[in-house]
Amino acid sequence: MYHLFKGLYYYATTKEEYSILILGLDNAGKTTLLEKIKSIYLPGVAAPKQGAQPPTVGQNMSTIPLPPPLPSIYLKLWDIGGQESLRNLWTQYYSSAHAIVFVVDSTDKPRIEECRNVLEIVVDAEATEGIPILMLANKQDRDESLEVEEIKEVFNKIAERLSARDSRVLPVSALTGTGVREAVEWLVTRIMMNKEYRPPLMR
Ligand code: G3D
Ligand code: MG
């Protein structure tokens, strides 16, 4: 009897947890995105403001229980610093990640090639094989931003190599929140479709 109750309690209180890595160059908007997602899905968390994000040293992590009507799971979001010196730390997170979000500053045309090269290294890493990759063309609220179609073109070469992979490019503004729910919903659908290949943790 005790074991039955223990089992029932476990099933009633345990949820699947999926880890999502938020990557991209420094200043792309990774921390703003994490803060925005928190403000949408966690009660009482304020939205991020312009001028309020210090450059990320190390990492920010947040675990978010998704509210209905989304599936009852935890998303564990990792925002790891994007400065060149920090990028070699990313690889340590790959094998436990269920999806990767690659944030692009759509207004930073001079660095778009660097962006492409960095993403290429990420998708070529063995430990990211077979997990969904979402590219976000961020800062779409700014007039001078590249259109999502232009960003798609830049990433076309990688996208060809990703053909067998689950990937997508979506326009967002981490600051205003436009497109952020759609991005989270795409991720949730894909990580759950992929759960046989990369199972969630239970907690
Ligand atoms: P990072 O964590 O990738 O390094 P941050 O990037 O989240 O720190 O953001 C870098 C700067 O871009 C910040 O400017 C932030 O407000 C801004 N930013 C992030 N996302 C958006 C967006 O969608 N639209 C606009 N217009 N700005 C954005 P500050 O001035 O705070 O340093
Ligand atoms: Mg940051």
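Guide: Pro 69 lies in the loop between β2 (59-65) and β3. Helices (H or I, at least four residues) and strands (E, at least two) are DSSP runs, numbered from the N terminus. This is a predicted model: local features need pLDDT of at least 70, side-chain atom pairs count only at pLDDT 80 or more, and totals for chains, interfaces and linings use all residues. Residues are numbered from 1 along each chain as its sequence is written, while chains are lettered from A and ligands numbered from 1 in the order in which they are written.

Visitor: What kind of peptide bond joins Pro 68 and Pro 69?

Guide: Start with the general rule. Most residues other than glycine have a negative phi, and most peptide bonds are trans. Here the bond between Pro 68 and Pro 69 is cis, with omega about 5°.

Visitor: Which residues are closest to ligand 1?

Guide: A residue is near a molecule if its C-beta atom, placed from the backbone, lies within 6 Å of it. By that test 22 residues surround ligand 1; the closest are Gly 29, Lys 30, Thr 31, Thr 32 and Gln 53. Helix α2 (residues 30-41) gives the largest share of the shell, three residues. Ala, Val, Leu, Ile, Met, Phe, Trp, Tyr, Cys and Pro count as nonpolar, Asp, Glu, Lys and Arg as charged, and the others, Gly among them, as polar. The shell has five nonpolar, twelve polar and five charged residues.

Visitor: How should I read helix packing? At what angle do the axes of α2 and α8 cross?

Guide: Two packed helices are described by the angle between their axes and the distance between the axes. Axes are lines fitted to C-alpha atoms, for helices over the stretch in contact; angles run from 0 to 180 degrees between N-to-C directions. The axes of α2 and α8 (residues 180-193) come within 10 Å and cross at roughly 90°. Angles of 65 to 115 degrees count as roughly perpendicular, so α2 and α8 are roughly perpendicular to each other. Lys 36, Ile 37 and Ile 40 of α2 meet Val 180, Arg 181 and Val 184 of α8. That contact has four nonpolar, no polar and two charged residues.

Visitor: Which residues does Ala 174 touch?

Guide: Contact means C-beta atoms, placed from the backbone, within 7 Å. Leaving aside neighbours within four places in sequence, Ala 174 is in contact with Gly 29, Thr 32, Leu 33, Lys 36, Asn 138 and Val 180. Ala 174 lies in the loop between β6 (167-171) and α8. Its 28 C-beta neighbours inside 10 Å make Ala 174 buried.

Visitor: How many residues has the largest nonpolar core?

Guide: In soluble globular proteins, nonpolar side chains tend to be buried together. A nonpolar core is a set of buried Ala, Val, Leu, Ile, Met, Phe, Trp, Tyr and Cys residues joined through C-beta atoms within 7 Å. The largest here has 45 residues; Phe 102 is among those with the most contacts inside it. β4 gives the most to this core, six residues.

Notes:
Angles under 35 degrees count as roughly parallel, over 145 as roughly antiparallel, 65 to 115 as roughly perpendicular and the rest as oblique. Two residues are in contact if their C-beta atoms, placed from the backbone, lie within 7 Å. A residue is buried if 20 or more other C-beta atoms lie within 10 Å of its own, exposed if 12 or fewer, and partly exposed in between; C-beta atoms are placed from the backbone.
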